[in-house]
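The following exercises are to be worked with the sequence and the coordinates at hand. Each task is followed by a solution that goes step by step.

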Amino acid sequence: KIYSMKKVILILLLAAPLSLLAQKKDIQKTSFEVEGVCGMCKARIEKTAFGLKGIKTANWDIPTHQFTILYDANKISLEEVHQAVANAGHDTPLVTAPDEVYEKLPMCCLYERKKKVE
């Protein structure tokens, strides 16, 4: 009986991680505007996104300012992505970058900021 109990415990320990892996992914694609100017902005914005858990792809288009991401909504929310990008110094439609972060961007990255809605 002791041997069979060890076997049962071993099976349970091995099965637990498999059930976690079996969670269904909720992969979504979306685009939104992110303020920026140059290639350094592109690198910063994309690097920020790729540093977030759940981001599969990230591409910021310089001319259109459109940021397109593929992400797992079970791992990260769209609001968290907006917040992270803003914390890197780039305004989004949902979150304005903190002034102290924006002001530390290289000169070539200082975009014209839109007036904040009060």
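**Exercise 1.** Which residues in H3 are buried?

*Solution.* Residues are numbered from 1 along each chain as its sequence is written, and side-chain values use heavy atoms, with hydrogens and water left out. This is a predicted model, in which local features need pLDDT of at least 70 and side-chain atom pairs count only at pLDDT 80 or more, while totals for chains, interfaces and linings use all residues. Helices (H or I, at least four residues) and strands (E, at least two) are DSSP runs, numbered from the N terminus. Buried means under 20% relative accessible area, exposed over 50%, and partly exposed in between, with a 1.4 Å probe and protein chains only. By that criterion, Val81, His82, Ala84, Val85 and Ala86 are buried in H3. The cover over the buried residues of H3 includes E1, H2, E2 and E3, where contact means heavy atoms within 4.5 Å. Just after this helix, Gly89 takes a positive phi of about 110°.

**Exercise 2.** Determine the order of secondary-structure elements and the arrangement of the strands.

*Solution.* The protein chain holds four helices and three strands, and reading along the sequence gives the pattern α-β-α-β-β-α-α. The three strands form an open sheet with the order E1-E3-E2 and antiparallel pairing; two strands pair if DSSP finds at least two bridges between them. E1 and E2 are the edge strands, each pairing on one side only. On average, neighbouring strands of this sheet are turned by 10° against each other, direction ignored. Between E1 and E3, which run antiparallel, there are seven bridges, and Thr30 stands opposite Ile69 in E3. Two helices are then placed on this sheet: H2 packs on it, touching E2 and E3, with a direction that makes about 165° with that of E2. H3 packs on the sheet as well, touching E1, E2 and E3, and its direction makes about 130° with that of E3. For these angles, axes are lines fitted to C-alpha atoms, for helices over the stretch in contact, and the angles run from 0 to 180 degrees between N-to-C directions.

**Exercise 3.** Identify the members of the largest nonpolar core that touch the most other members, and then list the surroundings of Phe67.

*Solution.* A nonpolar core is a set of buried Ala, Val, Leu, Ile, Met, Phe, Trp, Tyr and Cys residues joined through side-chain atoms within 4.5 Å. The largest one has 20 residues, of which Val34, Ile45, Ile55, Phe67, Ile69 and Val81 touch the most other members. Two or more residues of this core come from each of helix H2 (39-50), strand E2 (55-60), strand E3 (66-72) and helix H3 (78-87). Once its neighbours within four places in sequence are left aside, Phe67 contacts Thr30, Ser31, Phe32, Val34, Ile45, Glu46, Ala49, Ala58, Asn59, Trp60, Val81 and Val85. For the chain as a whole, buried residues make up 32% of the 118 residues, and residues 24 or more positions apart account for 50% of the contacts with a separation of 6 or more.

**Exercise 4.** Describe the salt bridges, giving the location and the exposure of the partners.

*Solution.* A salt bridge is a side-chain nitrogen of Lys or Arg within 4 Å of a carboxyl oxygen of Asp or Glu, and a search of the whole structure finds five of them.

- Glu35 and Lys114 meet through their side chains at 2.9 Å, N to O. Glu35 is buried at a relative accessible area of 11%, whereas Lys114 is exposed at 54%.
- Glu46 and Lys42 form a salt bridge whose closest N and O atoms are 2.7 Å apart. Because the two lie four residues apart in helix H2, about one helical turn separates them. Glu46 counts as buried at 15% relative accessibility, while Lys42, at 24%, counts as partly exposed.
- Asp99 and Arg113 form a salt bridge with the closest N and O atoms 2.9 Å apart. Asp99 lies in helix H4 and Arg113 in the segment after H4, 14 residues apart. Asp99 is partly exposed at 33% relative accessibility, and Arg113 is partly exposed at 23%.
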